[in-house]
Amino acid sequence: MPSEVVTEEAGLRIKWNDDGHTSLYTWDWILKHRTKSGALLDKEGLPVPKDEPAPIVHWGSEISANPPIVEYDEVMANDKGVGQWTEKIRQYGFCYVDGCPIDPKATEDLLQRIAFIRVTHYGGFYDFTSDLTMKDTAYTTLALPAHTDTTYFTDPAGLQMFHLLSHTDGTGGASLLVDGFHAAAELKEQDPLAHFALSRTPITWHASGNDGITITPCKKFPVLNYGDTAEGGTPELQQVRWNNDDRGVVALGEIDGMGAEMWYNAARKWDETLRRPDMAYWAQLEPGRALIFDNWRVLHGRSSFTGKRRICGGYINRDDYVSRWRNTNFTREEALKQIL
Ligand SMILES: [Fe+2]
């Protein structure tokens with residue numbers, strides 16, 4: 001319990017009863033941690049606005065008319081370029097980088113402008129052609145429906161980059177992107193019960209196609225993962241986990257009053273939503289145009305193709321990407337205010 005509270009220019013200084021030590025809570029800190037009912041007011045009696053980033057932009061197939069793009073030279077030149085790049089990724093969940101040299105090393109250097117590359121059981125930065133050496137559907141020529149990668153990790157990969165270096169002796173292989181946050185909002189509006197089932201039923205995920213590899217998260221996770229509820233507001237969707245090939249079965253027992261049948265009905269609705277033409281953004285990857293997307297938000301897929309494709313790319317951890325975004329878009333002081 002406080003024994004003394006003194007108002008100072010810098011903040012509130014509190015002397016504690018138990019051991020007599022004092023603490024200084026700066027006004028900035030108090031503003032950041034105020035409760036909704038205790039919102040601070042300015043001199044005019046109006047609520048003091050929080051210094052918050054711009055809202056994210058939901059999109060559907062119409063994004064094809066004006067997709068987010070930055071220039072390779074600008075990203076490589078300075079941190080301002082990285083700030084513009086990471087801000088577009090944060091707002092849209094994906095971004096192209098035009099003018100990228102058609103070269104794996106230059107693409108790796110580009111990806112490392114955000115953060116170090118995440119190594120998995122598939123390796124780090126990859127440069128592969130379509131064969132089955134890794135025993136994964138990504139290494140085939142098959143069509144792949146919209147999915148997120150690495151659902152089987154406790155901490156799925158944050159960003160993924162693809163750069164098509166060449167496509168010879170064949171056609172097809174259009175890339176598919178779907179805004180998972182937009183799809184979840186649509187599902188919630190059209191079928192609240194299905195949305196509820198997918199956000200409340202933890203299920204298993206696994207990677208077990210390669211000898212010696214059996215990866216599964218430390219606990220079960222739902223398809224739609226929501227964050228904390230801050231100040232009595234609505235929790236925000238943080239992460240979509242969706243890869244039907246890596247999904248375990250749903251337990252027959254009831255969770256929150258829901259049985260397996262309800263979950264499978266919800267999953268069918270979710271799949272139908274993801275396949276809606278107005279949700280799907282199809283584009284052909286081109287050499288010289290690298291694509292990066294937020295694997296916690298945007299699902300990816302592709303149509304089948306013929307011939308031989310060479311693609312390079314890699315993953316970046318979510319936390320390291322967000323840290324880089326924060327530190328290239330805000331001053332150090334502003335960045336610290338966002339997390340303390
Ligand atoms: Fe994938």
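In which sense do strand β2 (residues 11-16) and β3 pair, and over how many bridges? Select both strands to see: they pair in the antiparallel sense, over 5 bridges. Here strands (E, at least two residues) and helices (H or I, at least four) are DSSP runs, numbered from the N terminus, and two strands pair if DSSP finds at least two bridges between them.

Before moving on, note that this is a predicted model, in which local features need pLDDT of at least 70, side-chain atom pairs count only at pLDDT 80 or more, and totals for chains, interfaces and linings use all residues. Residues are numbered from 1 along each chain as its sequence is written, and side-chain values use heavy atoms, leaving out hydrogens and water.

**Stop 1: the sheet**

Now pick Leu12, and look for Tyr25 in β3 standing opposite.

**Stop 2: the iron ion**

Next, select the iron ion, which His147 (NE2), Asp149 (OD) and His300 (NE2) coordinate at 2.2 Å. Donors are N, O and S atoms within 2.8 Å of the metal (3.2 Å for Na, K and Ca), and as water is not among the atoms, sites may look incomplete. Along the sequence, the donor residues follow the spacing H-x1-D-x150-H. His147 lies in strand β7 (residues 144-147) and His300 in strand β14 (residues 298-302), so this pair ties together parts that are 153 residues apart in sequence.

Are these two histidines buried or exposed? His147 is buried, with a relative accessible area of 10%, and His300 is buried too, at 6%. Buried means under 20% relative accessible area, exposed over 50% and partly exposed in between (1.4 Å probe, protein chains only).

**Stop 3: two helices**

Now show Ala184, Leu187, Lys188, Glu189 and Gln190 in α5, which meet Pro192, Ala194, His195 and Leu198 in α6. Contact means heavy atoms within 4.5 Å.

**Stop 4: Thr86**

Finish at Thr86, which you will find in helix α3 (residues 79-92). Thr86 is buried, with a relative accessible area of 0%. Leaving aside residues up to four places away in sequence, Thr86 touches Ile114, Tyr321, Trp325, Thr328 and Asn329.
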